[in-house]
Amino acid sequence: MSTTDRQGSAPASLDFLPEPDTPETGSSLSRRGFLRVSALAGLGATAATVAACTTGTAPAWTFPPAPSIQPIPSATSTTAPSVAPSASAAPSASAAPSASVAPSASPDLGPIPAGWTAHDMLAREKIRRFVGKLAVPLAGVYPPAAGAKLAEILGVADNYPQLQELPEWAKVPQGNQAIQPKIDGDWKVFDLTIDTIKHQIDAMTPAIDALGYNAIWPGPALRVTEGDKVRVNFTNKLGQTTGTHFHGVAFDDFFMDGIPFVTQLPQVPDSTESYEFIAKPYGSMMYHSHHNATDQVGRGLLAAFIIDPKDPRETYKEKYGVTQEYVWISNDSVGGFTINGHGFPAVQPIVAAVGDRVLVRFMNEGIMMHPWHSHGYRMKVVARDGAPLGTAAFECDTLGVNPGERWDAIIEVDRPGIWAFHCHILPHVEGPDGMFGMVNALIVTPQPVDLAPLLK
Ligand SMILES: [Cu+2]
């Protein structure tokens, strides 16, 4: 699955949910939920119906009646400053990300409610695109008052176009898919290509010239067990030289380290090169280009390499009862501020149910530190750079992750909600047209919900 993956199981695309054998039962919307959803979906988009669902708890805010229509100025004309990372970050000026993203949607977003500005309209548009046609079904899995409030906050009664569309993150390819190795004697063998690709940070922005292992950014997540003999064959289809480094691995043979002119010659185009090593130590690792890397990693040659402990008692599933995991690779150069190669609202959310224990493997493939802030929950941070923290494990709600670092954090979700989860360097997450870049959400449903059928 793109980014969310069940510990130790082969992931399936957009499989957010616990496997059928997990303790949670009822992996689809409850009948009551469906009825509520049907009621909302069939609303004829009237505020009256939404209000009818709001029994007992009156929402604090209601949509103003018939606001006067005002033209919406271009978001680029607002006064918010454009904030760009240091130009030294990127080799070419055009490659520098900018927080001042040009408005990607049609400026015709309808009438502006009293007291709002264009910023509010554009900001709401981002959330509508993030949720897409999941809005009504998702609202339906929460208790009626909460569901009605969520529907009201999004303005579902407006019957806006995104209610019929896939969420933004389901419109673009998501990386991190786990691939299974071939077995060759006692070796686990992965065959990968290194490709030039066109990559969309977001479905509404033009594709950029990017790079990807197996033609996707981030590349496939490779997963092995401590002590495995691993062979990874890379076929270079870039049209330029490269070299691949497995970041965090303790190589016995230093010539496997992947650094052109230090431990090898550069890998020339149209050649296949193999890296062979024993997988150790266990933990969250990465693989990425280590040649012309500001450009090559900045354009997508990055991926997760996960070494599970040989001792099953040391796995996160056994040790902490982890029920699902999410690989979270940040980058911040050529493609702008991204999580798993995408900026909000194209970042695939973490979806969990009450009772889940969610492992997030933060990996920073960028050039700056990002403090990840989890709303509503503290994270229990259990490993740094793959090394278990043991009794030094700590809890926090804001975790700074430096370039090259990996931090493993577990969130025990015990309260439903839709919780923002974002970098707290504000120019990395919010601009004149609302949230963008390094923003994600932890969506906690009261019961497990199978979203996959809704994403067709
Ligand atoms: Cu940041």
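The legends below describe close-up views of a predicted model.

**Conventions for every view.** Residue numbers start from 1 in each chain and follow the sequence as written. Because the model is predicted, local features need pLDDT of at least 70 and side-chain atom pairs count only at pLDDT 80 or more, whereas totals for chains, interfaces and linings use all residues.

**View 1. The protein as a whole, as background to the close-ups.** The protein has eight helices and 25 strands, where helices (H or I, at least four residues) and strands (E, at least two) are DSSP runs numbered from the N terminus. Buried residues account for 46% of its 456 residues; a residue is called buried if 20 or more other C-beta atoms lie within 10 Å of its own, exposed if 12 or fewer, and partly exposed in between, with C-beta atoms placed from the backbone. Of the contacts between residues at least 6 apart in sequence, 75% join residues at least 24 apart, a contact being a pair of residues whose C-beta atoms, placed from the backbone, lie within 7 Å.

**View 2. The open sheet with β10 and β11.** Five strands make up this open sheet in the order β2-β6-β11-β10-β8, with mixed pairing, and two strands are said to pair if DSSP finds at least two bridges between them. The edge strands, β2 (178–179) and β8 (244–247), each pair on one side only. Within the sheet, β10 (residues 283–289) and β11 (residues 302–308) run antiparallel and are joined over six bridges, with Gly283 standing opposite Ile307 of β11.

**View 3. The loop between β9 and β10.** Ala279 is found in the loop between β9 (272–278) and β10, and Ala279 counts as buried because 24 other C-beta atoms lie within 10 Å. Not counting residues up to four places away in sequence, Ala279 touches Val224, Thr225, Glu226, Gly227, Asp228, Val230 and Ile307. Ala279 and Asp228 are 51 residues apart in sequence, while their C-alpha atoms are 5.4 Å apart in space. Pro281 lies in this loop as well, and the peptide bond from Lys280 to Pro281 is cis, with omega near -10 degrees.

View 4. Three bridges join the antiparallel strands β16 (residues 370–374) and β22 (residues 417–423); Ser374 stands opposite Phe421, and Trp372 stands opposite Cys423. Six bridges join β22 to β25 (residues 439–445), again in the antiparallel sense, and Ala420 has Ala441 of β25 as its bridge partner.

**View 5. The largest nonpolar core.** A nonpolar core is a set of buried Ala, Val, Leu, Ile, Met, Phe, Trp, Tyr and Cys residues joined through C-beta atoms within 7 Å. The largest one has 98 residues, and those with the most contacts inside it are Ala135, Ala304, Phe305, Val358, Phe362, Ala409 and Ile411. The largest share of this core, six residues, comes from β11. The core draws at least three residues from each of domain 1 (173–311) and domain 2 (316–455), with domain bounds that come from an automatic or database domain assignment. Leaving aside its neighbours within four places in sequence, Ile411 is in contact with Val358, Val360, Ser374, Tyr377, Met379 and Leu442.

**View 6. Two residues with positive phi.** Most residues other than glycine have a negative phi. Asn176, in the loop between α6 (168–171) and β2, has a positive phi of about 70 degrees although it is not a glycine, and Asn176 is buried, with 26 other C-beta atoms within 10 Å. Phe261, in the loop between β8 and β9, likewise has a positive phi of about 70 degrees without being a glycine, but Phe261 is exposed, with 9 other C-beta atoms within 10 Å.

Methods. Two residues are in contact if their C-beta atoms, placed from the backbone, lie within 7 Å.
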